[in-house]
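Student: I would like to go through the aromatic residues and the core of this structure. Could we begin with charges over rings?

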Amino acid sequence: AHQILSLTGISFERKSIIGFVELTIVPVKETLKVIRLNCRQCRIYRVILNDSYEATFHYFDPFLDICQGEIKNKSLEFFSKCHLDAAKKTDADHNAGELAIVVPDQAAHLIGEGRGLRIGIEFSLEDPSGGVHFVIPEGEGSMEERAAHMFTYGHENSSRLWFPCVDSYAEPCTWKLEFTVDKNMTAVSCGELVEVVMTPDLRRKTYHYTVSVPVSAPNIALAVGPFEIYVDPHMHEVTHFCLPQMMPLLKNTVRYMHEAFEFYEEALTQRYPFSCYKQVFVDEIDNDGNAYATMTILSTHLLHSIAIIDQTFVSRKVMSKAIAEQFFGCFITMQNWSDAWLARGIAEYMCGLYSKKCFGNNAYRSWIRDELAEVVKYEEKFGGIILDCSQAPAPPAVSSINQSPAAPAKAYNDNPFYFPIKNLHTISPKYIEIMRKKAHLVIRMLEHRIGQELLLQVFNKQLALASNAASTKISSGLWHQLHISTNIFTKAIFTVTGKDMAVFIDQWVRTGGHAKFTMTSVFNRKRNTIELEVRQDAVNQKGVKKYVGPLLIQLQELDGTFKHTLQIENIVVKADITCHSKSRRNKKKKIPLCTGEEVDMDLSPME
């Protein structure tokens, strides 16, 4: 229900952290004997319940020895199985974790259904190999003079690497965050800054943040350094932080960021879900940026001067995507890891709409084409990506023409990859990157099926329910509305549009692969028709599946662009499409294109 995180000793010299957490949990059973939490590479000193009862604890991290001493079997299949078992043993979604706290008999009376229990844990972290990164440039002078700084990062839900928690996207809570740092350093974290208090010796200061909207532990982050601070002149709730002497670049890079907020709020017809937003630019980060609740940690390489035009496209897209992830990813999170495609796909889709507004339709279409090419290349090399493998799709449809299944059942069950795809911590990072791109393309396909306006209404409905839930206490039982899942999303589409998209979800979300068509056309001048032949000759190729369903054909004619929908049921489909345009006596003509533009064309050479 609530968590306090207090880091009192952050040492750049030793690359160490000393801290304390207090989790308030609400047991659902009175028989609770063991409490399991997530915690890796931390040293635990003491666990205390309700400030009164010391508890014994056991720590076990199966990732330290994945094969558990097995030396004979060195096959990749055996390692993959052990890797998945290790991930499941510490999966917070399955009530598992590295840290097992035994409730002492004298504290058994504290466990009551619906009654809050406070668990205090003292811990330290020294020279971490992940989760926290200390950037200490070489040279002389103090840490702040050398622009030394630190920030948290991680692969998916990895907050356990720097503090004990319930490391699951499905367990949101409110937060109180306290960070004591050197007086010349600034600590930037999630939520609203309540106060900054100097220590009695006047050498250090403590930053106090509160997060009143329930968010999950993986969406908590911290950055500490001698940052220069810039409050956005267009939106005072937005603050930007950069390393010393980079302020001119920062001001140029972020000057249009307020437009992204305005665009998303208008498109989704919902207010930004938090009360503030912070952007921190740091060095040595492993990617362009990571979004967390109310803050994003970005690479300092995104900063650029007004003279560097090319960088504008990259930087603005990265920053606008991070803002979209505040709505879907940080505020509304995945219910299970298998629902990750949804939050990520929606954030990418919203970022795409904003990019289209910023940079134009051509740049947007080029981006979509590049993403599609990457997904196709990956799937044809390694195998089809299943966006949600938590449940099998419905049995394959039977074709009404030849009574054969649309695709062999084998295609739905096989995992062609060398790693298990059933846990975020066993999947290849490249798979996750391509999965995000495929999720974006599937959301776009959904837009084509139901229309952009209705799709945005579905997003609005989810945000409205979540906003209502976020303003209540955990006892209201509404916090589950802060999560999104494939099934919830499918029901929401039906509620808003009246369309049942279960077949679409089975086809593109619960089944891997893509469809591949080759098309030939002949214009029959006598009948004024296009004789079309659509073939799926590559269905036996890796990553390619047989498609059954509607296929939209756009025909550019003299009088404009005309859309035709074909029903694909077989490997080869033939169709005659009647043309609307007849040849004109006037040989010079304005031709309307699908983009809304018109082009002048001289038709006399066609005779």
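**Rings and core**

Tutor: K317 lies over the face of W367, 4.2 Å from the ring centre; the criterion is NZ of Lys or CZ of Arg within 6 Å of the ring centre and within 35 degrees of the ring normal. This is a predicted model, in which local features need pLDDT of at least 70, side-chain atom pairs count only at pLDDT 80 or more, and totals for chains, interfaces and linings use all residues. Residues are numbered from 1 along each chain as its sequence is written, and side-chain values use heavy atoms, with hydrogens and water left out.

Student: Which residue lies over the face of W508?

Tutor: K545 does, at 4.1 Å from the ring centre.

Student: Now the ring pairs: how many aromatic pairs are there?

Tutor: The count is 29 aromatic pairs, with ring centres of Phe, Tyr and Trp (its six-membered ring) within 6.5 Å; planes under 30 degrees apart are stacked, over 60 edge-to-face and the rest tilted.

Student: What about F274 and F331?

Tutor: Their ring centres are 5.9 Å apart and their planes are at 80°, so the pair is edge-to-face. Both F274 and F331 are buried, meaning under 20% relative accessible area with a 1.4 Å probe, protein chains only.

Student: And how are F459 and F489 arranged?

Tutor: F459 and F489 are stacked, at 6.4 Å centre to centre with 20° between the planes. Both F459 and F489 are buried too.

Student: Switching to the core, how many residues has the largest nonpolar one?

Tutor: It has 166 residues, and those with the most contacts inside it include F459 and F489. Such a core joins buried Ala, Val, Leu, Ile, Met, Phe, Trp, Tyr and Cys residues through side-chain atoms within 4.5 Å.

Methods: Buried means under 20% relative accessible area, exposed over 50%, partly exposed in between (1.4 Å probe, protein chains only).
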